[in-house]
Amino acid sequence: MEDCLFCKIVRKEVPVEIVYETENIMIFKDIHPKTPVHLLAIPKKHIQSVIHVEDKDLPLILDIWKGINKVVENFQIKDKGFRIVVNTGKEGKQAVLHLHFHILGGQQLP
Ligand code: 5GP
Ligand code: ZN
């Protein structure tokens, strides 16, 4: 999508600190971290939200799951615990309309 922020990040038009990348997905640091570790995992393909995931997208979701497992290990929060948040739609307060999984950790979460 032309003016989607996360598509611009995928095209490297907006710089981010990438911590994991494959052909299909990207995980990068959130610009306004809410916890010591705050990462965003996204498919490179523009999918608006969880309710827009189609059967053919499921391999991408699997890749995101594998990527999350890798980064929580790298950031040493795998065994301590962490939280995955997926804000969806207006009342879910989804600001960026490109599917993303918040990975939050590095402290005792409320
Ligand atoms: P949402 O509210 O849509 O679930 O989450 C969007 C997230 O994207 C927010 O946590 C926000 O801080 C993050 N974000 C917005 N713009 C940028 C940016 O330009 N770079 C990075 N790295 N994160 C961003
Ligand atoms: Zn997009």
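This is a predicted model: local features need pLDDT of at least 70, side-chain atom pairs count only at pLDDT 80 or more; totals for chains, interfaces and linings use all residues.
In soluble globular proteins, nonpolar side chains tend to be buried together. In this model, the largest nonpolar core has 16 residues. Within that core, the residues with the most contacts are I27, L39, A41, I64, I68, F101 and I103. Four elements each supply at least two residues of this core: strand 2 (25-29), strand 3 (37-43), helix 2 (58-74) and strand 5 (101-105). Helix 2 gives the most, with six residues.

Leaving aside residues up to four places away in sequence, I27 touches E17, I18, V19, Y20, L39, L40, A41, G67, I68, V71 and I103. There is also a second, separate core, which has 10 residues. Among its members are F6, F28, I42 and V96.

The next feature is a space that the protein leaves open. Rolling a probe the size of a water molecule over the atoms shows where empty space is left. The largest pocket in the model has a volume of about 480 Å³. Its lining consists of 24 residues, and F6, D30, I31, L40 and V96 are those that lie nearest the pocket's centre. Helix 1 (5-10), strand 2, strand 3 and strand 5 are the elements that give two or more residues to the lining. The largest share comes from helix 1, which contributes three residues. Sorted by class, the lining has 13 nonpolar, six polar and five charged residues.

Charged side chains form another set of links. The structure holds eight salt bridges. One of them joins K29 to E17, with the closest N and O atoms 3.0 Å apart.

A second salt bridge brings together the side chains of K44 and E21, at 2.8 Å from N to O. This pair links distant parts of the chain, since K44 is in the loop between strand 3 and helix 2 and E21 is in strand 1, 23 residues apart. K44 is partly exposed, with a relative accessible area of 22%, and E21 is partly exposed at 36%.

A further salt bridge connects K78 with E73, where the closest N and O atoms are 3.5 Å apart. K78 has a relative accessible area of 41% and is partly exposed, while E73 is partly exposed at 40%. Salt bridges that share partners also join K12, E21 and K44 into one network.

Q76 lies in the loop between helix 2 and strand 4 (82-85). At 61% relative accessibility, Q76 counts as exposed. Q76 and L39 are 37 residues apart in sequence, and their C-alpha atoms are 13 Å apart in space.

Terms used: Residues are numbered from 1 along each chain as its sequence is written. Chains are lettered from A and ligands numbered from 1 in the order in which they are written. Side-chain values use heavy atoms; hydrogens and water are left out. A nonpolar core is a set of buried Ala, Val, Leu, Ile, Met, Phe, Trp, Tyr and Cys residues joined through side-chain atoms within 4.5 Å. Buried means under 20% relative accessible area, exposed over 50%, partly exposed in between (1.4 Å probe, protein chains only). Contact means heavy atoms within 4.5 Å. On a 1 Å grid over the protein atoms alone, a cavity is a set of points where a 1.4 Å probe fits but cannot get out, and a pocket is an open set with protein on both sides within 12 Å along at least five of seven lines; lining residues have an atom within 4 Å of a point. Grid points are joined across faces, edges and corners, and a volume is the space filled by probe spheres set on the points. Ala, Val, Leu, Ile, Met, Phe, Trp, Tyr, Cys and Pro count as nonpolar, Asp, Glu, Lys and Arg as charged, and the others, Gly among them, as polar. A salt bridge is a side-chain nitrogen of Lys or Arg within 4 Å of a carboxyl oxygen of Asp or Glu.
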